[in-house]
Amino acid sequence: MSGKADPRAAGEGTTSRARLDRGRGALGPALELVHTGRAPTRAVLTAELGVTRATAGAVAAELEALGLIRVDARPGAAAGSQGRPSHRLAVAEDGPVALAAQVHADGFRAALVGLGGRIVATAPGCEVVDADPAKVLGSVVEAGAELLRETGRRCVGAGLAVPSAVAEPEGLALNPLHLAWPAGAPVRRIFAEQIRAAGIDGLAFAANDVNLAALAEHRHGAGRGARDLLCVATGHRGVGGALVLDGRLHSGSSGLALEVGHLTVNPDGGPCHCGSRGCLDVETDPLAFLTAAGREPGPEVSLLQQSYDLIRGHYGDPAVRTATETLIDRLGLGLAGLVNILNPDRIVLGGLHRALLDADPERLRAVVADRSLWGQSGGVPILPCGLDHNSLVGAAELAWQPVLDDPLGALA
Ligand SMILES: [Zn+2]
């Protein structure tokens with residue numbers, strides 16, 4: 001244990017009771033700072049919280065006692081640092097975990113995710129998604145329960161990422177279009193029932209996969225520090241978008257905002273399942289890419305993986321290059337419209353869109369700049385997503401949120 005009392009504390013004129021109360025209110029903000037890597041030392045934590053050293057020390061000690069963080073009281077002096085080195089803070093490597101689950105068009109997967117967005121364990125993905133959501137969610141929860149048994153970790157709750165808009169407050173998957181699930185399936189209720197049936201502690205949550213990817217990128221990845229973060233990504237099929245404003249997901253009045261996949265980017269394009277034509281969803285997803293490159297999609301690996309293999313392994317092939325440029329131009333058109341409407345200070349791209357950016361970043365940035373009002377003046381940074389499995393990490397963030405809001409209340 002650290003948290004040796006600060007000798008100045010007794011002379012502060014603050015009663016220990018008042019310090020304890022203030023400390024309890026600071027537990028959540030302090031945990032969030034360590035969780036997101038913004039408080040690597042107790043000195044930074046003290047400054048960020050705007051409390052006394054004694055209070056910050058008590059807060060760090062309490063979080064350590066809850067098994068959430070580790071306080072290293074005898075760090076080696078950092079090179080170039082001045083004065084006495086501060087205690088180092090890090091998330092506890094053997095602490096509790098959240099059960100994260102993701103379902104997509106080509107399968108499902110379960111993982112355990114600790115604080116800091118660290119994936120602790122994953123179950124092998126399954127590649128067949130049954131038409132009955134209860135069967136799929138039962139299997140993914142069973143895979144997660146097995147991981148919990150194997151690792152012996154405490155579970156704080158569970159989060160589920162699905163490739164569908166999720167309507168709030170009921171938690172209904174309104175348009176699981178690339179799954180055979182019925183529209184409006186009550187996925188959160190089903191998931192919560194399976195979690196309870198498996199004897200797993202904590203609350204269960206469900207949300208759209210790209211929303212969760214954006215949340216994870218904002219807290220742990222390429223979106224850190226952005227104020228108005230726009231995330232656009234393909235899954236294995238289709239395209240989604242999300243906006244994180246001042247650290248919170250902007251999900252609209254009932255969870256359905258940022259359905260960016262249905263912006264028209266090619267008026268002469270193919271029909272979309274939404275009833276329109278030439279939507280971003282059907283013009284820039286992995287199937288669109290394989291089709292544009294003249295490749296017949298094979299059954300052996302996911303469409304997303306086939307697209308990665310083509311763009312990364314065969315970029316010299318003129319058909320692949322032309323298909324890449326075509327999709328970049330369509331994506332750029334969609335992003336330009338979003339830049340005009342939302343004025344983000346950063347854009348992160350995931351899935352195939354990340355691979356398109358990697359293939360020709362200048363072309364994509366030029367299209368966005370040329371086609372948008374605000375893109376012309378200086379431009380908006382467009383970056384690749386920084387995390388592997390960001391939807392899974394984001395699903396875990398949902399389950400971690402009650403702990404981040406009130407660590408003592410959630411865990412005691
Ligand atoms: Zn559409």
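Reader: Across which strands does helix α4 lie, and at what angle does it run to β4?

Author: In this predicted model, helix α4 covers residues 133-151 and lies across β3 (97-104), β4, β5 and β6 (155-162). Relative to β4, the direction of helix α4 is at about 30°.

Reader: Across which strands does helix α5 lie, and at what angle does it run to β9?

Author: Helix α5, made of residues 187-197, lies across β3, β6 and β9. Its angle to β9 is about 145°.

Reader: What is the order of the strands in the open sheet, and which are the edge strands?

Author: The open sheet has 5 strands with mixed pairing, in the order β5-β4-β3-β6-β9. From one strand to the next the twist averages 25°. Pairing on one side only marks the edge strands, which are β5 (119-122) and β9 (203-208).

Reader: How many bridges join β4 to β5, and which residue in β5 stands opposite leucine 112?

Author: Strand β4, residues 107-113, runs antiparallel to β5, and the two are joined by 3 bridges. Opposite leucine 112, the residue in β5 is alanine 121.

Reader: Which residues coordinate the zinc ion, and what is the geometry of the site?

Author: The zinc ion is coordinated at 2.0 to 2.3 Å by ND1 of His262 and by the SG atoms of Cys272, Cys274 and Cys279. For four tetrahedral donors the ideal angle is 109.5 degrees. The angles among the 4 donor atoms of the zinc ion are 105 to 120°, and the site is tetrahedral.

Reader: Is cysteine 272 buried or exposed?

Author: Histidine 262 has a relative accessible area of 24% and is partly exposed. For cysteine 272 the relative accessible area is 8%, and a residue under 20% counts as buried, so cysteine 272 is buried.

Reader: Where does aspartate 246 lie, and is it buried or exposed?

Author: Although it is not a glycine, aspartate 246 has a positive phi of about 50°. Aspartate 246 is placed in the loop between β11 (239-245) and β12. With a relative accessible area of 61%, aspartate 246 is exposed.

Technical notes
Residues are numbered from 1 along each chain as its sequence is written. This is a predicted model: local features need pLDDT of at least 70, side-chain atom pairs count only at pLDDT 80 or more; totals for chains, interfaces and linings use all residues. Side-chain values use heavy atoms; hydrogens and water are left out. Donors are N, O and S atoms within 2.8 Å of the metal (3.2 Å for Na, K and Ca); water is not among the atoms, so sites may look incomplete. Four donors count as tetrahedral if all angles lie between 85 and 135 degrees; four count as square planar and six as octahedral if opposite donors are over 155 degrees apart and all others between 65 and 115; anything else is irregular. Buried means under 20% relative accessible area, exposed over 50%, partly exposed in between (1.4 Å probe, protein chains only). Helices (H or I, at least four residues) and strands (E, at least two) are DSSP runs, numbered from the N terminus. Two strands pair if DSSP finds at least two bridges between them. Axes are lines fitted to C-alpha atoms, for helices over the stretch in contact, and angles run from 0 to 180 degrees between N-to-C directions. Contact means heavy atoms within 4.5 Å.
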